[in-house]
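Dear colleague,

I am passing on a structure for you to look through, and below it I have written down what was found in it. Please keep the structure open beside the text while you read.

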Amino acid sequence: MKGDFPVEKFQDIETPFYYYDTKLLRQTLHAIHEELERHPGYCVHYAVKANANPKILRIIRQSGLGADCVSGGEIQAALAAGFQADRIVYAGVGKSDWEINLGLDRDISCFNVESAVELEVINQLAARRNKTARVALRINPDVGAHTHENITTGLAENKFGIAMKDMEPIIARIRTMEHVKFVGLHFHIGSQIRDMEDFKALCFRVNELQDRLESQHIVIENINVGGGLGINYDSPDEEPIPDFKSYFATYARHLRLRPGQKLHFELGRAVVGQMGSLIARTLYVKQGASKQFVILDAGMTDLIRPALYHARHKIENLSSNAPGEVYDVVGPICESSDVFAKSITLDGTKRGDLIALRSAGAYGEIMASQYNCRRLPIAHLSEEL
């Protein structure tokens, strides 16, 4: 089954471009809010790194979500889209001084701190401004996730977070700081996770750490479990909206929140992944020594996930209903890794056919580059065509 695309409207649009189905985006946001109504005290911050298109950010802000940022530029993008500063949390393993100062000047909700040295810098910079920074400690829970090794973040070997053994000493240090207020713990174990057992394992680790802190009379105001919920790349039409019900229910069932505690989530891919597709045009169909190549005008500069992660995106020929043939689908970039898929079946393809690379709303446009001096792809929203 092919996705529902306004193919006739695509004919006169210069390719490659991103197409965003804003109806599906709004349906996804509605599904999130339906679940939040079932779980009072749960808060969702949209992970801006997944897609920072200004028009998309405004729709998400209008829905009522907060923003999770990992750079000063993302904070600026969130503010420009109308997110309130007190709904912005700022994570990142390497925060520069100007980025910290931006967060302090705007009085953002929370800095998710990733090291003791970062904490010292935040305290110093806050002191110069006579401010008090609200901080949560990002703890590395040493919990594995069933996902690609490049997008796991919760193992001891990863660069992210504070080791569990250092948690209490750093909390004790915060108590001596005049310009830092400890407001919670932050965790994130990885991305594109579809196995709820991974999130269940995180719940058990958070429970263990909370018990440990409570034995020392340390009370936690907020628990932030990050994001990581994956999407169905293989069959986007069968599962256009992720299983938010199971996701939130896993935490409700297994995480022991204390009275008055708030639970924060940082969802990105699950919010925007399925609403986006990269639309390309076939430049050539080339017969090789042992295979056929569909050569597109889109490449790894437009969608880097297949080259970077060996990620799979469902690929469809929007212009053809001819009998299927087997192709390698590649781009025009002067790199051997500029390959979207190998040995896949597409409806018989010819020069000029429009090709859709599905499930590209997350980590697509935002990761595009100008390598080979190529132009960045632009985006079109369904409601504007």
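The side chains of Glu-120 and Arg-173 meet in a salt bridge, with N and O 2.7 Å apart; a salt bridge here is a side-chain nitrogen of Lys or Arg within 4 Å of a carboxyl oxygen of Asp or Glu. Glu-120 belongs to helix H6 and Arg-173 to helix H7 (residues 167–174), so this pair ties together parts that are 53 residues apart in sequence. Helices (H or I, at least four residues) and strands (E, at least two) are DSSP runs, numbered from the N terminus. Glu-120 is partly exposed, with a relative accessible area of 26%, and Arg-173 is partly exposed as well, with 34%. For these words, buried means under 20% relative accessible area, exposed over 50%, and partly exposed in between, using a 1.4 Å probe and protein chains only.

Before going on, please note that this is a predicted model, in which local features need pLDDT of at least 70 and side-chain atom pairs count only at pLDDT 80 or more, while totals for chains, interfaces and linings use all residues. Residues are numbered from 1 along each chain as its sequence is written, and side-chain values use heavy atoms, with hydrogens and water left out.

How many salt bridges are there by this rule? The count comes to 23 salt bridges. One of them joins Glu-35 to Arg-38, whose closest N and O atoms are 2.5 Å apart, and both residues lie in helix H2 (residues 22–38), three residues apart, which is about one turn of the helix. Elsewhere, Asp-211, Glu-214, Arg-256 and Arg-258 are linked in a network of salt bridges.

Next comes the packing of two helices. Helix H4 (residues 72–80) and helix H5 (residues 97–106) pack at an angle of about 30°, with their axes 9 Å apart; axes are lines fitted to C-alpha atoms, for helices over the stretch in contact, and angles run from 0 to 180 degrees between N-to-C directions. H4 and H5 are therefore roughly parallel to each other, as angles under 35 degrees count as roughly parallel, over 145 as roughly antiparallel, 65 to 115 as roughly perpendicular and the rest as oblique. On the H4 side the contact is made by Gly-72, Gly-73, Ile-75, Gln-76 and Leu-79, and on the H5 side by Trp-98, Glu-99, Leu-102 and Arg-106, where contact means heavy atoms within 4.5 Å.

Some details of the backbone may also interest you. The peptide bond from Thr-15 to Pro-16 is cis, with omega near -5°, and Pro-16 lies in the loop between helix H1 (7–10) and strand E1 (17–20). Asn-130, found in the loop between helix H6 (116–128) and strand E6 (133–140), has a phi near 55°, a positive value in a residue other than glycine, and Asn-130 is exposed, with a relative accessible area of 66%.

Finally, there are the positions taken from the UniProt record, an unreviewed entry, which lists Gly-228, Glu-266, Leu-267, Gly-268, Arg-269 and Tyr-363 for "binding site". UniProt positions are given in the numbering used here, feature names are shortened, and annotations may be inferred rather than shown by experiment. Gly-228 sits in the loop between strand E9 (222–224) and helix H9 (244–254) and counts as buried at 11% relative accessibility. Gly-268, in the loop between strand E10 (262–267) and helix H10 (269–272), counts as buried at 6% relative accessibility, and, leaving aside its neighbours within four places in sequence, Gly-268 is in contact with Tyr-46, Ala-47 and Ala-50.
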